[in-house]
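The stops below are meant to be selected in order.

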Amino acid sequence: MKKNKLPRRIAIGIALGVLVGWACHQFAGSEEAAKEIASYFSMVTDIFLRLIKMIIAPLVFATLVGGIASMGNSSAVGRIGLRAMIWFVSASVISLAIGMVLVNLFAPGAGLNLDVAQHATTAAVPVNTGDFSLKVFISHVFPRSIAEAMANNEILQIVVFSLFFGFALAGVNRAGYTKIVDCIDELAKVMFRITDYVMSFAPVGVFAAIASAITTQGLGLLVDYGKLIAEFYLGIAVLWIFLFGVGFIFLGKSVFALGKLIREPVLLAFSTASSEAAYPKTMEALEKFGAPKRVSSFVLPLGYSFNLDGSMMYQAFAIMFIAQAYNIELSFTQQVLILLTLMVTSKGMAGVARASVVVVAATLPMFNLPEAGLLLIIGIDQFLDMARTATNVVGNSIATAVVAKSEPQERSHDAEGHIDQPAPANPSVSVA
C-alpha cells in the first residue's frame, strides 16, 4: 500500500463504517440483535488493535534505548526531559482552561434540569476508580518485571526500564557495545517494517470500529447529544488552532509540513479512539519531519503519559456539563480548584482503561457532584473519545518537534531541513 493512499482509504473506511453501522442499527430488529452484530465488528477491531499492541513494547524499547545510547550522557536526557515536562504542564493548563471557558460560555448542560435526589439511587456507573490514586500511580510507574510491563504494554514502565538499560549501555566501553547498539537499531527498523504490514489492515479496522459504535448507538444518539458533541468538537478545533499557533512560533511554516505528515496517525487515532494505534506512525512522521530519533524516542513515550491535551479538555467539559445538568452552581474558585485537581489526577491516567472517564468519575465526589451524572455522557463517550485521542496525537507531535528544535546541536545536522528551515528542503518529505 502506497503511503499517500492510506489516509484516503482510512477516510473511506470511516464513511463506509457510518453507512453500514446505520443500516445494521435500522434493520437489526432489537437491541440484543444490534449488540450481536456489533460484536462481530468489534472482533475485527480487536484483532487490529492487538496487532498494533504487539508492536508497541519492542518499538518503544528499541527506539528509546538507541536514542539514549546515542546521547552518551545523562545531562542531555535531563535537559530534554525538563523541556518536555515544561511543555507538557503548560499545555495541560491551557487545554483545561480553554475547556473551562468554552463550557461556561456554551453551557451545554443547561436546560436538562435533572434532580440530584432523583438520581441518587441510580445504579453505580460501570467505571472502576477503586485503585485510582496518585500514590498508586507513582508506585506503578516502576516495573517489577520488564516482561510483565511489555506483556501489558505499560508504556511508562517500559520507558523507565529503557532509561536504565540505555544509560547502562552508554556506560559500557567495550568492544561489544557497538554490536549491541547496532542490534537494537536493526530491531527498530524491523519493527517499523512490521508496522507497515499491520497498517495495511488499518482501513478494515477503522471500518469495523465505526460500524460497531453506530450499530449499537445509532445516529439518533448523535442528534440527542448534538449540542454537547458539536460544542466539544468546536473546543477541540480551538485547541488545534492554539497548538499549531504555538508550534508556528517555535517551528515557523514547517509546522504545517508536520501537520501533513501526521495525517495518517491522527486519522488512525480518531477512527479507532486508540492512541496506541497511532504511535508507530507518529514516530515515523516525526522522523520524516527531521526530529532526531534520540529526541522523539524519548519525548513521545513521555507525552503519551503526561501530555494528553484532548483528554484534559474532555475532563473539563464533562465535569462542568454534569454540574450544569443538575443546576449546581460552581464558583470561579471552585472551578480553579477543579482545574488544579484534574492537573494532578490526570497524571495517573497512563495504563488505565477508559482513562479520561475514570479521572472524571474519581473527581466528581471530591466536589460533591453526583456520580450518576457520568451516565449522561457514557453513551456518547466513543464519539468524544475519537476527538480527544486525535488531539492527543497532534499535541504530542508538536511537543516533540518543538523540543527537538530546542536542541542546538541538532540544528546543523538535520537532513530534512524541517527543524531549521521555515519550509521543508527535501521534496520527499511532502505528503500528497
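Which residues does Leu 228 touch, not counting residues up to four places away in sequence? Select Leu 228 and show its surroundings: the contacts are Pro 108, Phe 317, Phe 321, Ile 377 and Ile 380. Leu 228 sits in helix α10, which covers residues 226-251. Its relative accessibility is 7%, so Leu 228 counts as buried. Now put a distance on the C-alpha atoms of Leu 228 and Pro 108; the separation is 5.4 Å, although the two residues lie 120 residues apart along the chain.

**The whole chain**

Zoom out before going on. This is a predicted model. Colour by secondary structure, and the protein chain shows 19 helices and zero strands. Of its 432 residues, 53% count as buried. Among contacts in the chain with a separation of 6 or more, 84% are between residues 24 or more positions apart.

**The annotated segments**

Take two of them in turn. Residues 84-107 are 96% helix and 0% strand, with 34 Å between the end C-alpha atoms. Residues 232-251 are 100% helix and 0% strand, and here the end C-alpha atoms are 28 Å apart.

Most residues other than glycine have a negative phi.

**Helices α12 and α13**

Next, select residues 263-272 (α12) and residues 275-289 (α13), and hide the rest. The two helices pack at an angle of about 180°, with 8 Å between their axes. That angle is why α12 is described as roughly antiparallel to α13. To see the contact, show side chains for Glu 264, Pro 265, Leu 268, Ala 269 and Thr 272 on α12, and for Ala 277, Ala 278, Lys 281 and Thr 282 on α13. Sorted by class, the contact has five nonpolar, two polar and two charged residues.

Bring the rest of the chain back and look at α12 again. Seven of its 10 residues are buried, so α12 is largely enclosed by the rest of the structure. The buried ones are Glu 264, Pro 265, Val 266, Leu 268, Ala 269, Ser 271 and Thr 272. Step one residue past the helix to Ala 273, which follows α12 and has a positive phi, near 55°.

**Salt bridges**

How many salt bridges does a search of the whole structure find? The count is eight. Side chains of opposite charge can pair when their charged atoms come close.

Start where you already are, with Lys 281 and Glu 264. They form a salt bridge whose closest N and O atoms are 3.8 Å apart. The pair joins distant parts of the chain, with Lys 281 in α13 and Glu 264 in α12, 17 residues apart. Are these two residues buried or exposed? Both Lys 281 and Glu 264 are buried.

Move on to Lys 293 and Glu 287, whose side chains meet in a salt bridge with an N to O distance of 3.8 Å. Lys 293 has 39% relative accessibility and so counts as partly exposed. Glu 287, with a relative accessible area of 35%, is partly exposed too.

Then go to helix α19, residues 381-405, and pick Asp 385 and Arg 388. The closest N and O atoms of this salt bridge are 3.1 Å apart. Because Asp 385 and Arg 388 are three residues apart in the helix, about one helical turn separates them. An α-helix has 3.6 residues a turn, so residues three or four places apart point the same way. Asp 385 and Arg 388 are both buried.

**Last stop: Asn 327**

Finally, select Asn 327, in the loop between α15 (309-325) and α16 (332-345). Asn 327 is not a glycine, yet its phi is positive, about 55°. With a relative accessibility of 47%, Asn 327 counts as partly exposed.

Notes:
Residues numbered from 1 in each chain as written. Predicted model: local features only at pLDDT ≥ 70, side-chain atom pairs only at ≥ 80, totals over all residues. Heavy atoms only, no water. Axes fitted to C-alpha atoms, helices over the stretch in contact; angles between N-to-C directions. Helix = DSSP H or I, 4+ residues; strand = E, 2+ residues; numbered from the N terminus. Parallel < 35°, antiparallel > 145°, perpendicular 65-115°, else oblique. Contact = heavy atoms within 4.5 Å. Nonpolar A, V, L, I, M, F, W, Y, C, P; charged D, E, K, R; others polar. Salt bridge = Lys/Arg side-chain N within 4 Å of Asp/Glu carboxyl O. Buried < 20%, exposed > 50% of the residue type's maximum accessible area, 1.4 Å probe, protein only.
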